Amino acid sequence: MQVFLTGATGFIGGPLVNALLVRGHRVTALVRDPASAAAQALQADGAELVVGDVSDREVLRTAMTGADMVLHAAGHYELGLNKAGRARMTQTNVNGTANTLGIARELRVKRILYVSTAFVFGQSDGRLRDETWVRSSPPQSHYEATKSEAHELALALQRAGAPLVIACPVAVIGPGDHSNLGRLARLYVRNLLPPVSFGEGTVSFVHREDAVAGLLHCLERGQLGETYLLSGGALPVREVFKIWQTTPGGLQFIWWWMPRWWAVRYCAVLEPLQRLFGQTPLFSADLARIAFMDLQFSGAKAEQDLQLKFRSPRQAWLDTLAGERRALLGLGGP
Ligand SMILES: NC(=O)c1ccc[n+]([C@@H]2O[C@H](COP(=O)([O-])OP(=O)(O)OC[C@H]3O[C@@H](n4cnc5c(N)ncnc54)[C@H](OP(=O)(O)O)[C@@H]3O)[C@@H](O)[C@H]2O)c1
């Protein structure tokens with residue numbers, strides 16, 4: 001099949017392109033910077049590159065013409081953004097999704113997959129939830145707000161008959177993850193984690209390899225009109241730290257777990273300071289709010305309907321930390 005894909009240079013998109021090529025598909029990938037190492041690697045693997053942005057409607061239309069399947073994985077994930085950053089995020093996550101999915105439908109592409117996120121379901125209110133869960137909590141970050149708006153657009157297209165499958169990965173972890181979680185895990189492996197932490201919440205995790213397998217299955221044989229959560233299961237934030245502490249590196253004792261009110265204020269103060277030093281904020285008020293969220297989501301429907309098996313969140317973390325440690329020791333990795 002001829003597959004057109006956005007987000008190919010990302011943490012999830014890179015291995016996804018590899019998986020598509022291994023399955024024998026021909027892949028055309030939208031990239032913003034064809035000279036980047038990630039874009040060059042895609043080309044070396046056999047993908048055709050098209051240069052553009054998800055705001056370039058004409059580029060998208062030309063690149064998607066003749067595609068059998070479209071996979072929209074481009075997205076902007078960042079916490080602690082200033083006003084200009086939030087506007088850019090809306091442009092990519094909301095307008096970019098409207099452009100990509102809308103044009104794919106106009107061109108009558110046979111199968112379309114949209115990569116949403118489990119954040120669109122909001123908080124799970126203390127229990128493991130599935131795709132039928134209806135959110136009742138307000139968004140805790142601009143990312144959650146923009147992806148929720150994009151998800152609604154995708155649902156509206158499904159209702160209008162578009163041949164569209166929606167996949168909702170939970171927090172995707174694995175070596176080389178540049179999200180805040182991945183950055184914290186690398187600090188742990190390097191013995192640089194501060195002895196204070198926060199988070200009374202529960203988060204669901206899926207290993208990147210399992211998420212990629214899930215997306216491939218959703219694209220090839222997901223039921224059109226359906227939504228699939230991709231999740232290995234949930235863990236309390238404190239349990240995550242305990243799992244890290246069973247492995248070499250890091251800090252064996254956290255002497256203070258901040259309460260929510262303190263963590264949000266403390267991170268809100270750190271946020272502009274990190275920006276001042278040219279850093280993408282690791283500690284932000286968004287991160288502190290998320291660490292106290294209840295995000296328990298099940299991947300049982302995808303496992304059952306698409307014959308998948310997601311590893312447990314504990315195993316996903318052990319594999320992630322082992323990969324980070326190999327990379328630190330120069331033994332290969334991300
Ligand atoms: N990682 C997770 O935990 C997670 C969980 C649930 C859902 N998701 C969703 O999965 C998708 C991929 O996430 P990821 O973790 O792989 O993110 P990522 O590593 O940050 O990659 C984002 C990708 O989107 C591309 N992109 C961003 N803005 C774009 C624009 N305006 N036009 C064209 N391309 C653009 C990036 O291109 P450049 O290389 O040019 O920046 C990159 O290829 C996103 O939609 C995200 O919301 C991620």
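View 1. Thr227 in S10 is the bridge partner of Ile166. Their strands, S6 and S10 (residues 227-230), run parallel and share four bridges; strands count as paired here if DSSP finds at least two bridges between them. This is a predicted model, where local features need pLDDT of at least 70, side-chain atom pairs count only at pLDDT 80 or more, and totals for chains, interfaces and linings use all residues. Residue numbers start from 1 along each chain as its sequence is written. Helices (H or I, at least four residues) and strands (E, at least two) are DSSP runs, numbered from the N terminus.

**View 2. S6 next to S5.** S5 (residues 111-115) also pairs with S6 in the parallel sense, over four bridges. Look for Leu113 opposite Val165 of S6. Getting from S5 to S6, the chain goes through helix H5 (residues 142-159), and this β-α-β crossover is right-handed (clockwise from the first strand over the helix to the second, with the strands pointing away from the viewer).

**View 3. S6, covered on both faces.** Six of the six residues in S6 (residues 164-169) are buried, meaning 20 or more other C-beta atoms lie within 10 Å of the residue's own, with C-beta atoms placed from the backbone. One side carries Leu164, Ile166 and Cys168, the other Val165, Ala167 and Pro169.

**View 4. Helix H7.** H7 (residues 208-221) reaches 20 Å from first C-alpha to last, close to the 20 Å expected for its 14 residues, taking 1.5 Å times one less than the number of residues. H7 is mostly covered, with 10 of its 14 residues buried, among them Arg208, Asp210, Leu215 and Cys218.

Notes. A residue is buried if 20 or more other C-beta atoms lie within 10 Å of its own, exposed if 12 or fewer, and partly exposed in between; C-beta atoms are placed from the backbone.
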